[in-house]
Amino acid sequence: MKQTIESTKAKMNKETEVLKAQIYSLETQITAEEEKSKELEHKSKMFSYGHYEGDGQEKMLELLNEKVEEVYRSCIGDNEANISTLQMLTNIENRLEELFEHIEMMPQEKVELARRQRRKRGG
């Protein structure tokens, strides 16, 4: 009888340990799924923001285009060919590279003199 009680007790202890391990495993899986849920919720909010705030984005793009056109007119001239914002930026970049190359070829004294005069004017 004592042996049966000990055997039953050992069996129940093993079952308890197995159940505890299963509980731990399930809790770990739940935590991982909750983290995934939070991440997906965050992504969903970001997507929704981008979707519903489309008008705001369009306005920002229009403002950006206006600023690029302003710089383009200042550096290159009017946008007579009606080129895209990206093409204007590319042309501005190319013009800047040309100007930097030109500055590098100038006598250093003239460049420094021009920089000092510009600083005095507040530019």
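This is a predicted model: local features need pLDDT of at least 70, side-chain atom pairs count only at pLDDT 80 or more; totals for chains, interfaces and linings use all residues.
Me: Why is Asn 82 called exposed?
Reply: Asn 82 has a relative accessible area of 63%. Exposed means over 50%. Therefore Asn 82 counts as exposed.

Me: Where is Asn 82 found?
Reply: Asn 82 sits in the loop between helix 2 (54-75) and helix 3 (85-105).

Me: What makes the phi of Asn 82 worth a look?
Reply: Asn 82 is not a glycine, yet its phi is positive, at about 55°. Most residues other than glycine have a negative phi.

Me: Why does Phe 100 count as exposed?
Reply: Its relative accessibility is 51%. The cut-off is over 50%, so Phe 100 passes. Phe 100 belongs to helix 3.

Me: What makes up the nonpolar patch on the surface?
Reply: Leu 96, Leu 99, Phe 100, Ile 103 and Met 106 form it. Together they have about 420 Å² of accessible area.

Me: How much space lies in the largest pocket?
Reply: About 280 Å³. Its lining includes Leu 96, Phe 100, His 102, Val 111 and Arg 118.

Me: Which helices supply at least two residues each to that lining?
Reply: Helix 3 and helix 4 (108-121) do. Helix 3 gives the most, with 5 residues.

Me: How do you know which classes Arg 115 and His 102 of the lining belong to?
Reply: Both line the largest pocket. Arg counts as charged, so Arg 115 is charged. By class, the lining has 7 nonpolar, 1 polar and 2 charged residues.

Notes
Residues are numbered from 1 along each chain as its sequence is written. Side-chain values use heavy atoms; hydrogens and water are left out. Helices (H or I, at least four residues) and strands (E, at least two) are DSSP runs, numbered from the N terminus. Buried means under 20% relative accessible area, exposed over 50%, partly exposed in between (1.4 Å probe, protein chains only). On a 1 Å grid over the protein atoms alone, a cavity is a set of points where a 1.4 Å probe fits but cannot get out, and a pocket is an open set with protein on both sides within 12 Å along at least five of seven lines; lining residues have an atom within 4 Å of a point. Grid points are joined across faces, edges and corners, and a volume is the space filled by probe spheres set on the points. Patches are made of residues with over 30% relative accessible area and no salt bridge: like charges are joined within 9 Å, nonpolar side chains (Val, Leu, Ile, Met, Phe, Trp, Tyr) within 5 Å. Accessible areas come from the Shrake-Rupley method with a 1.4 Å probe; for residues, only the protein chains shown count as cover. A salt bridge is a side-chain nitrogen of Lys or Arg within 4 Å of a carboxyl oxygen of Asp or Glu.
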